[in-house]
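Colleague: I would like to go through the strands and helices of this model. Please keep the answers brief.

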Amino acid sequence: MNDIFDVLWEGFFEHYSEIKKFILDSTLNERMKEEDVQYLDKFLKKAYRINKKFYGFDLKFKIKLIYTRKEMDKEFGGKTESFLSGFGWDNTVGFFAKSVFEKVTPHKIDVYQDLVTHELNHLFYQKLVGSHVPLWIQEGLAIYVESKKSNLKVYYSEIEKKHLFYRDCKGMWKEPEKSYRMSYSAVKNIMDKIGKNKFLNLLKIYSKNRTKDNYLKLFGKYIKEFS
Ligand SMILES: [Zn+2]
């Protein structure tokens, strides 16, 4: 493992004891287990390797383990859907701990690697672009990288395609499942056409001038073609 990752890992255990302190006063403190940290460790290391290889640079970040839906709501600043099981922003990734994962989400624990890879992907994306928007590229790329063998079927809808012209995709996320699939499909479409390096380079160019005009100039033609 490289140096940067070892540095991160020290930070991780600092943060772990902070969470422990926070949980101590709640009724859940006995659920806070070292094994949750060890479980995450293995997936996070793999997620880091996958994303570093994809983006080609290193990243320092913080980690939070979440134990209740209330805690997760607090992170999001509002009520979250039950399928929501992690986040990646402000240079921080957060996940439900393994020991509560199947109780507080409808998912089986075997999605943990994909979840960790997905959320960490967002931090790399945000470092590259300097923003979480264009949102459909952020989500599409995360799904693209989380599992190449993705079983997500290509989903395309003329009605929803118009949302892609907006960087925040406006109302598209009212139906999250469709929106994730649409984002993945659009990203895969561009990826198949121009390849990863050119795609990442477009994002780099966009990061230097994050205006709507520049966005449409760089990505508009791909959105128009996408079907
Ligand atoms: Zn995401």
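Colleague: How many bridges join S2 to strand S3?

Modeller: This is a predicted model, where local features need pLDDT of at least 70, side-chain atom pairs count only at pLDDT 80 or more, and totals for chains, interfaces and linings use all residues. Residues are numbered from 1 along each chain as its sequence is written. Helices (H or I, at least four residues) and strands (E, at least two) are DSSP runs numbered from the N terminus, and two strands pair if DSSP finds at least two bridges between them. S2 and S3 (residues 92-96) run antiparallel, and the bridges joining them number 4.

Colleague: In what order do the strands form the sheet?

Modeller: The sheet is open, has 3 strands and shows mixed pairing. S1 (62-66) and S2 (86-89) each pair on one side only, as edge strands. The order is S1-S3-S2.

Colleague: What angle does the direction of H3 make with that of S1?

Modeller: Helix H3 (residues 69-76) packs on the sheet and touches S1, S2 and S3; a contact means C-beta atoms, placed from the backbone, within 7 Å. Axes are lines fitted to C-alpha atoms, for helices over the stretch in contact, and angles run from 0 to 180 degrees between N-to-C directions. The angle is about 140°.

Colleague: How many residues of H6 are buried?

Modeller: A residue is buried if 20 or more other C-beta atoms, placed from the backbone, lie within 10 Å of its own. The buried residues of H6 (residues 135-146) include Trp136 and Tyr144, and they pack against H2 (34-55), H5 and H8 (176-194). H6 is largely enclosed by the rest of the structure, because its buried residues number 12 of the 12.

Definitions and conventions
Two residues are in contact if their C-beta atoms, placed from the backbone, lie within 7 Å. The expected span of a helix is 1.5 Å times one less than its number of residues.
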